[in-house]
Amino acid sequence: MRRESHLSRHNADHGITRVVSFDVDGTIVESAFNDVIWLQVIPELYGRIHDIAFAEARQHVTRAYEAIGEYDVRWYQLDYWLDRFQLGVTQEELLRRHGHHVRAYPDAVDAVRRLRDRFILIVNSGMSDEFIRVKLEQVGLREHFQHLFSAVSLFHVVKTHHYYQRMCELLQVSPAEIVHVGDHYDYDYVAARRAGLQAWFLQRDGGSRQGPFVVSDLREFADHFNEGDGLEAPNSDHRPRGEVR
Ligand SMILES: [Mg+2]
């Protein structure tokens with residue numbers, strides 16, 4: 001752990017952060033809503049259409065998900081799955097119907113309220129625009145974010161470093177002026193840092209990664225933004241820091 005030395009370093013770097021970027025699922029809202037959609041609602045619809053029991057339907061759809069995997073952009077595209085399984089419902093209908101299952105993490109609500117007046121808040125999610133919008137509206141946080149970026153809706157990709165670079169171009173902000181935080185080590189930490197953003201890894205589940213840019217909740221994350229602080233200097237090499245492992 002090198003928290004002490006990191007804090008003293010970033011205290012010397014003032015005012016470089018203009019934008020704070022959040023991942024959505026597992027970061028602002030609980031992933032339980034996704035589980036409801038993917039593991040409950042879709043298997044139910046699938047079972048009804050094919051006239052098979054829920055357990056069998058669930059086994060079928062989860063096998064199809066696993067064959068695609070989380071590193072394939074189709075994994076995140078609800079409309080792809082609705083179309084593939086021919087479920088006869090649009091993603092908008094489905095999301096509105098089940099939106100009441102969305103829950104925000106209390107520490108996320110707290111962090112957004114603490115940071116919204118001092119920074120431009122945005123989100124960068126791997127899920128579609130519709131998914132992001134429904135979730136943020138349901139938990140009453142939509143109005144605090146100036147931009148909602150969806151890797152899949154914008155560029156049909158997962159969150160790679162190329163994605164973050166293109167997002168920065170759209171936003172017309174230098175990567176070094178953006179802090180990003182999220183709960184996926186590769187997509188939110190490694191890729192964002194490689195693109196030159198100041199990335200933080202949110203490890204809510206008590207996992208084993210350690211380092212100055214690892215936090216266990218978003219209150220701890222927001223605590224790093226003392227008045228006048230810029231958090232950290234831009235990286236010279238834009239690669240993941242060795243301290244986090
Ligand atoms: Mg996430």
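Tutor: First, a definition: a residue is buried if 20 or more other C-beta atoms lie within 10 Å of its own, exposed if 12 or fewer, and partly exposed in between, with C-beta atoms placed from the backbone. Strands (E, at least two residues) and helices (H or I, at least four) are DSSP runs, numbered from the N terminus. This is a predicted model, where local features need pLDDT of at least 70, side-chain atom pairs count only at pLDDT 80 or more, and totals for chains, interfaces and linings use all residues. Residues are numbered from 1 along each chain as its sequence is written.

Student: How many residues of E4 are buried?
Tutor: Five of the five residues in E4 are buried, so this strand is mostly covered.

Student: Which way do they point from E4?
Tutor: Ile178, His180 and Gly182 point one way, while Val179 and Val181 point the other way.

Student: What is the order of the strands in the sheet?
Tutor: The open sheet has six strands in the order E3-E2-E1-E4-E5-E6, and the pairing is parallel. Two strands pair if DSSP finds at least two bridges between them.

Student: Which strands stand at the edges?
Tutor: Strands E3 (147–150) and E6 (214–215) do; each has a single partner strand, so one side of each is left without a neighbour in the sheet.

Student: Back to E4: how many bridges join E4 to E5?
Tutor: Four bridges join E4 to E5 (residues 198–202), and Gln198 in E5 is the bridge partner of Val179. E4 also pairs with E1 (residues 19–22) over four bridges, where Val179 is the bridge partner of Val20 and Val181 that of Phe22.
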